[in-house]
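Keep the 3D view open and click along as you read.

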Amino acid sequence: MLSVFFVILFSLSTTAQQVPAGTINRKLVVTRHNIKISTIKSDGPTQVGNGHFAYNFDITGMQTFNQSFTTMADWGWHSFPLPAGTTAASFEKTLVNTYGRMVPYDLPNESQKQLSDWVEGNPHKFNLGRIGLLIKKKDGTTAVITDLTHASQNINLWSGIVESSFEVEGHKVKVITVCGDKDILGFKIVSDLLKDGRLSVFVEFPYAAKGSVGNGSDYDSPLAHQTEMLTKGSNTIVFKRIVDSTKYSVACKWTGSTRVIKEKAHRYLILAKTGSTQAEYVFNFSSTSADYNVPTFALLQLQSDSRWPAFWKSGAAVDLSESKDQRWFELERRIVLSQYDMMINAGGNYPPGESGLVTNNWYNRFHYEMYWWHEAHYALWDRWDILDRSLHVYADNLKRSEDRAKSQGYEGARWPKCTGPNGTEWPHPIHAWLIWQQPHPIFFADLDYRAHPNKNTLLKWRDIVGASADFMASYAHYDSVRNKFVLGPPLYVVSENNDPKTTINPMFELAYWRFGLATAQKWFADLKLPENPKWKSVQENLAPMPVQDGLYVSWENIQNMWTKYNYEHPGLTGAFGMLPGNGVDTGIMDKTFKKVQSVWRYDGMWGWDFGLLAMTAARLGRPDDAVNILLDKSPKFGFDEHGYIGGGNPYPYFPSNGSLLYAVAMMTAGWDGDKGVKEPGWPTDGSWKIKWESLKKAP
């Protein structure tokens, strides 16, 4: 009996192990998940990028055959001209009765249809240009993708360098693709087709496309934009671009080529020099019109081969390779590829759109409520510097958000739902009435203070925390009959599948209001500032969490919850998962979680919902469920060869990757109130062994 006890004790104590930084062979962990592609067609592009800039390409290592693949930058914003005789400020908001007050909201305005549509669609991201190969066959015709044979592509995740190879009519072609520290691309091409004059590089510039979904490219409006080519020496050209009010430049330098010809409007060919079997091309994209400096291809290789190892060596790491559960490889693959994808697409100077720098979805504007899912994981993975790059959007948009709140009769700052750098809202009912983004800056401030517990951090966030809490307290409506503060209507809940004009007291939002107001009070207490009695009163007297038949429900008085509303985001579980559970009864939440597991339509969820559920499972002491959820085979959580997740529109959907990374960190390093249990979100039966470094606890 004693020996059995020691066997059990040994298995429990060796399921996971925090090890000193530098112990894990990070290069081995990363490179065993290098991406290898052998199909000539793929749903998504391969990427190189640096967080600020990304180039998306096909099996050739360039944008040779797929016109939908893009080149995007976090500075790459465009706006169409305003309708004649209008200004953005002349857009009229819609008055809606809100507890007896006529409150102006950003809703579509049919009486100003053209202006309303313009405010919706501007600004938006657009495709900065297409760079690909023009391949000629022996008969003089242009090769198509089905002419390729023996195609393969290898993405070295450790170096960020991509090697692609294929054959056309027996001729081998090799392309090395790399992105530098700045917005600069490099290509090295090796093939005897260069020598024969049958392989050249083309550059093509589109106009910006209309529409909330697409690749931001319009190749059919040549008169709407301008491209001027300037020659700078014998092997350098500069393209100066004017796309309405947006101006930028692309400088190109090459070896082994002799001339450039204009094939048609906005499309140019860089012809290969006869007799050469290799050539190098470097393209420098710049938001200014004066940056003509073009480094060598070799320097770009050195930059990538330094930048990516530095990223992988920074922050935290997880190694699952000693696990007995054979699913370890797939889960580790999801973790590694998510880090790579998020660094490229969510590591820039602004929060990303939901499809990052791959393509446009919802005009590629950033969503303040999705900002948490894109970026919060960086705090737990000890990469605060990356998260900190974009947090300025709160300070940038504070004044406009305060003006929005004031115009509606509220105090503080009402943060927008979907916006670009200028902080304007897209007129839409969901955007006007969504509220769960409001406490996010308080959560980010708390993450910052956990990483940097000093007065400078308290002062850095003081105004933003105060303005956020002021709005939250002001937004809550006092119901004199109940003697409680209530949330809504009008409001949209996390799942966005409710009637906004009748919904009241949503579960997740009530929990987040409690968390936000409590954190704000502590923030100001730490600054030794006077207590705000309104914050305290609202926090302590909010309506209780909605319960029906012993289970939590998504909002108060919901009907047919488990048959009619069992799809979209199961946000109610996030009150004790993503959030620490202010006001939550864990016994009721446990029963609610089991109900969600049994009846929720996983095919009707979105990718970040799986991380959300895994966090709840972990806090409830259900580690097996947490792991199973992160390995779920739902098409809405299907990690393809690039680590992209879709299962519908949008594709790719990067909040999914962010949720996985946050959940893994929380399951491993724990959370406040985890009672000191080591690796509390992982099974203790010995099937999983997790080595980890430098992860941080969640709130």
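Let's start with what lines the largest cavity: ten nonpolar residues, one polar residue and two charged ones. Keep in mind that this is a predicted model.

**The cavities**

- Searching the whole structure turns up seven cavities of 30 Å³ or more.
- The largest cavity holds about 100 Å³ of space.
- It has 13 lining residues, and those closest to its centre are Val29, Val30, Ala317, Val318 and Gln339.
- Which elements give two or more residues to that lining? They are helix H2 (26-31), strand E23 (317-319) and helix H6.

**The largest pocket**

- Pockets come next, and the largest one has about 380 Å³ of space in it.
- It is lined by 17 residues, with Ala88, Lys93, Asp106, Arg400 and Thr424 closest to the centre.
- Helix H3 (113-121) and helix H11 (398-407) each put at least two residues into this lining.
- H11 is the top contributor here, giving three residues.
- Sort the lining by class and you get six nonpolar, five polar and six charged residues.

**The second largest pocket**

- This pocket contains about 290 Å³ of space.
- Look for Trp362, Glu369, Lys417, Ile430 and Glu496, which are the closest to its centre out of 18 lining residues.
- The lining splits into eight nonpolar, five polar and five charged residues.

**Helices H6 and H21**

- On the H6 side, the contact uses Leu331, Arg334, Ile335, Ser338, Gln339, Asp341 and Met342.
- On the H21 side, you'll find Asn657, Gly658, Leu660, Leu661 and Val664.
- By class, this contact of H6 with H21 has six nonpolar, four polar and two charged residues.

**Helices H19 and H21**

- H21 has another partner to look at: helix H19 (residues 608-619) packs against H21 at about 15°, with the axes 7 Å apart.
- Are H19 and H21 roughly parallel or roughly antiparallel? Angles under 35 degrees count as roughly parallel, so these two are roughly parallel to each other.
- H19 passes H21 in a left-handed crossing.
- H19 brings Trp608, Gly611, Ala614, Met615, Ala618 and Arg619 to the contact, while H21 brings Pro655, Ser656, Ser659, Tyr662, Ala663, Met666 and Met667.
- Those residues divide into nine nonpolar, three polar and one charged.

**Helices H14 and H16**

- Helix H14 (residues 455-475) and helix H16 (residues 533-540) pack at an angle of about 50°, and their axes lie 9 Å apart.
- That angle is why H14 is called oblique to H16.
- Their crossing is left-handed.
- Gly466, Ala469, Asp470, Ala473 and Ser474 from H14 meet Lys534, Trp535 and Val538 from H16.
- In this contact of H14 with H16, four residues are nonpolar, two are polar and two are charged.

Notes. Residues are numbered from 1 along each chain as its sequence is written. This is a predicted model: local features need pLDDT of at least 70, side-chain atom pairs count only at pLDDT 80 or more; totals for chains, interfaces and linings use all residues. Side-chain values use heavy atoms; hydrogens and water are left out. Contact means heavy atoms within 4.5 Å. Helices (H or I, at least four residues) and strands (E, at least two) are DSSP runs, numbered from the N terminus. Ala, Val, Leu, Ile, Met, Phe, Trp, Tyr, Cys and Pro count as nonpolar, Asp, Glu, Lys and Arg as charged, and the others, Gly among them, as polar. On a 1 Å grid over the protein atoms alone, a cavity is a set of points where a 1.4 Å probe fits but cannot get out, and a pocket is an open set with protein on both sides within 12 Å along at least five of seven lines; lining residues have an atom within 4 Å of a point. Grid points are joined across faces, edges and corners, and a volume is the space filled by probe spheres set on the points. Axes are lines fitted to C-alpha atoms, for helices over the stretch in contact, and angles run from 0 to 180 degrees between N-to-C directions. Angles under 35 degrees count as roughly parallel, over 145 as roughly antiparallel, 65 to 115 as roughly perpendicular and the rest as oblique. A crossing is left-handed if the near helix is turned anticlockwise from the far one by less than a right angle, and right-handed if clockwise.
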